[in-house]
Amino acid sequence: MRIGYLLRRVAMLAVTLLVASFVIFAATYVAPGNPLAALSGGKSLSPEAQTALERRYHLDEPFLAQYWHWLSGAVRGDLGVSIPLHEDVSTLIADRAWITLSLVLYAAVIIVILGIGLGLLAGLRPGWIDSSVLVISSMAAAVPAFVAAIVLIAVFAVSLGWFPTIGTGDGFLGHLEHLTLPAVALALSSVAVVARVTRTAIREEVAREHVQTAISRGIPQHLVVTRHVLRNAAIPITTVTGVTIASLIAISSVVETSFGLNGLGQYLVKSAQGKDIAVVQGISLVLVVAFVLVNLVVDTMYAVLDPRVELGARAA
Amino acid sequence: MNHPESAPLLEVDRLGLDLLVGGVHRSVLRDVSFSVAQGEAVGLVGESGSGKSMTVRAIDRLLPAGARQRGSIRFDGKDVVSLSGAALRSYRAEVAVVFQDPRVHINPVRRVGDFMTEVLRTNRSVRRRDAGARAVEMLAKVGIPDGERRLDQYPHELSGGLLQRVMIASTLLTAPRLLLADEPTTALDVTTQAEIMGLLDELRSDLGLSILFITHDLDLAAAVCDRTAVMYAGEIVEVRESRLLHDDPLHPYTAALGAARPLLDRTARLVAVPGRPLSALEAPTDGCAFAGRCPYVEPTCTSAAPVLVPADGGAARCVRVEALRGTLGGVPHA
């Protein structure tokens with residue numbers, strides 16, 4: 001039953017990826033500009049050279065054939081060759097993916113700890129704690145990542161000098177130090193969103209009859225909170241946290257640019273400007289896969305957390 | 001039924017309660033006094049809003065924030081209101097509540113076994129396996145033979161009647177002395193209702209449990225309870241031996257409640273209590289709360305708040321109790 005639910009989710013994931021890959025490829029195909037222009041440095045190529053290059057990069061084939069060529073390669077992990085750089089797109093992506101991955105993971109940890117922690121505090125402690133969390137989170141939710149980045153750099157890197165302004169550093173601690181401000185900038189508004197949702201979910205659960213039952217049975221308060229309030233509130237909290245973290249994958253490019261991090265997001269923007277179409281396609285596909293995988297994890301958690309989830313009861 | 005030599009197990013004395021409604025304290029219970037002896041079943045009957053559920057919540061210390069309480073509640077001689085921490089938790093283990101709707105009163109995402117054994121494991125340090133074995137045993141006692149299988153199921157996989165049996169069995173695992181049954185059969189269909197009532201009655205005689213049975217149904221209370229208190233608008237209006245309430249009520253409200261019950265062998269139109277039930281929040285302070293709906297109302301009824309006067313082995317809160325005695329039984333109030 002549960003297995004069936006998961007199989008369905010995986011099948012839907014495959015379909016989503018197929019559609020996304022087509023959209024990505026078609027969008028870059030119809031985008032204006034000649035992919036060979038970057039190679040020739042703006043000079044016009046001789047017709048012979050033009051033909052030779054088009055054949056080499058399969059640019060002379062019909063659209064669907066090109067798509068098939070690209071897709072079948074992508075399934076095997078081969079995302080083609082960057083025309084201006086003469087390098088494998090997979091290698092180019094792999095060199096930069098770890099930065100984006102670390103950044104998103106770091107931000108995710110901040111979101112889970114701070115967002116759920118603050119929401120829990122506000123939900124369980126009505127009064128001034130609750131009000132302060134509400135006010136602060138309302139303000140934080142309205143701050144876009146690039147503004148947060150600028151403010152954080154100005155305050156903590158330039159004025160106070162606590163953190164480096166740019167780069168990725170060496171070793172684990174060096175990375176941690178260099179990625180702290182970017183991760184905070186990336187996580188800030190999401191922390192606020194998750195905190196608010198957590199607060200609401202906790203409030204709703206606290207008022208539930210089954211929580212009253214638990215109290216009436218003499219179960220100690222901390223166990224009532226963990227075993228009943230938090231356990232049941234985990235269902236909406238997980239969903240929102242998962243979706244929020246998945247969205248970080250897209251926002252990370254802004255933060256990477258602000259902090260001069262050589263990650264996938266920044267590289268995507270640079271490649272799009274430089275007309276490096278193979279790289280744009282490759283990164284887009286990787287980002288979509290990551291997004292969809294995070295969602296699969298959320299759906300799996302959902303099925304684990306709520307025994308009432310029936311086969312296909314929560315489509316899309 | 002009553003053991004005069006021993007003090008009652010539960011003693012509610014002049015309980016008054018104000019709730020915070022829209023920032024203002026408003027009275028929902030006034031002068032509620034009754035007691036439950038060891039092994040005795042007492043009914044608490046009234047319409048919605050009469051304060052019967054609030055009385056239960058006051059006894060189990062489940063009052064909403066901002067509630068103000070007067071009077072005293074004593075359990076086994078101890079003052080319940082002053083309990084806190086571990087003492088309050090162990091009191092709650094001795095006073096178990098069977099709630100109205102097991103569907104919402106049992107955590108839907110935890111297994112039945114987890115619900116049943118939770119208190120044993122968290123408060124009594126019983127090991128999971130031993131607690132499970134005791135749960136299966138208790139399920140058998142309440143008429144669920146395949147306990148092993150049930151423990152592995154989730155609440156939504158069980159029927160309402162089965163789930164209420166689970167709830168009752170779970171309360172028995174901590175060997176409580178008093179069962180607060182808050183309309184335990186209202187969410188169930190009629191045949192299941194009869195089974196659950198039979199079960200409660202059996203438990204009382206087998207285990208010597210005291211039961212405070214909350215219902216809106218006078219005859220249902222009479223089926224299991226020795227004595228019954230009838231509540232109206234936050235006050236007890238009559239306390240009597242249960243079987244007398246239907247045939248020979250002392251208070252006009254009790255008579256009206258008795259007449260309002262549908263009978264399977266009677267084809268006449270269902271008689272409703274005339275007028276709108278007054279909630280405890282709206283009760284007047286200077287007269288009888290039932291006066292507006294009472295067919296026997298006189299000017300004296302609205303001039304002063306009536307007190308509970310002893311009569312016929314019980315008590316009634318009616319200034320005309322002497323005048324009306326013997327005339328209210330079985331009379332339909334159209």
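B:Ile168 counts as buried because 24 C-beta neighbours lie inside 10 Å; a residue is buried if 20 or more other C-beta atoms lie within 10 Å of its own, exposed if 12 or fewer, and partly exposed in between, with C-beta atoms placed from the backbone. This is a predicted model, in which local features need pLDDT of at least 70 and side-chain atom pairs count only at pLDDT 80 or more, while totals for chains, interfaces and linings use all residues. Residues are numbered from 1 along each chain as its sequence is written, and chains are lettered from A and ligands numbered from 1 in the order in which they are written.

- B:Ile168 sits in helix H7 (residues 160-172) of chain B; helices (H or I, at least four residues) and strands (E, at least two) are DSSP runs, numbered from the N terminus.
- Apart from neighbours within four places in sequence, the contacts of B:Ile168 are B:Val98, B:Val142 and B:Leu199, where contact requires C-beta atoms, placed from the backbone, to lie within 7 Å.
- From B:Ile168 to B:Leu120 the C-alpha distance is 15 Å, and the two are 48 residues apart in sequence.
- B:Leu203 belongs to helix H8 (residues 190-207) of chain B.
- B:Leu203 has 19 other C-beta atoms within 10 Å and is therefore partly exposed.
- B:Leu203 and B:Lys141 are 62 residues apart in sequence, with their C-alpha atoms 9.3 Å apart.

**Chain B overall**

- Chain B contains 12 helices and 12 strands.
- Along the principal axes, the C-alpha atoms of chain B fill a box of roughly 65 × 50 × 45 Å.
- Buried residues make up 43% of the 334 in chain B.
- Of the contacts in chain B with a separation of 6 or more, 65% join residues 24 or more positions apart.

**Positive phi in chain B**

- B:Asp76, a residue other than glycine, has a positive phi near 55°.
- B:Asp76 lies in the loop between strand S4 (68-75) and strand S5 (78-79) of chain B, and is partly exposed because 16 other C-beta atoms lie within 10 Å.
- B:Ala175 also has a positive phi, near 50°, and is not glycine.
- The loop between H7 and strand S7 (178-182) of chain B holds B:Ala175, which counts as exposed because it has 11 C-beta neighbours inside 10 Å.

**Chain A overall**

- Chain A has 12 helices and 2 strands, in the order α-α-α-α-β-β-α-α-α-α-α-α-α-α from the N terminus on.
- The C-alpha trace of chain A spans about 85 × 55 × 30 Å along its principal axes.
- Of the 316 residues in chain A, 37% are buried.
- Residues 24 or more positions apart supply 75% of the contacts in chain A with a separation of 6 or more.

**Helices of chain A**

- H8(A) has a kink of about 45° centred on A:Ala187; the bend at a residue is the angle between axes fitted to the seven residues ending there and the seven starting there.
- The end C-alpha atoms of H8(A) are only 45 Å apart, whereas a straight helix of 36 residues would span 52 Å at 1.5 Å a residue; the expected span is 1.5 Å times one less than the number of residues.
- Just after H4(A), A:Gly77 has a positive phi of about 90°.
- A:Ala214, in helix H9 (residues 209-216) of chain A, is buried because 26 other C-beta atoms lie within 10 Å.
- Beyond four places in sequence, A:Ala214 contacts A:Ile219, A:Val224 and A:His228.

**Nonpolar core**

- The largest nonpolar core has 166 residues, of which A:Ala185, A:Leu186, B:Leu212, B:Phe213 and B:Val230 touch the most other members.
- The largest share of this core, 16 residues, comes from helix H8 (residues 171-206) of chain A.
- Such a core is a set of buried Ala, Val, Leu, Ile, Met, Phe, Trp, Tyr and Cys residues joined through C-beta atoms within 7 Å.

**Contact between the chains**

- 20 residues of chain B are in contact with 18 residues of chain A.
- On the chain B side, helix H2 (85-94), helix H3 (102-105) and helix H4 (112-123) are the elements that give two or more residues.

Conventions:
Contact = placed C-beta atoms within 7 Å.
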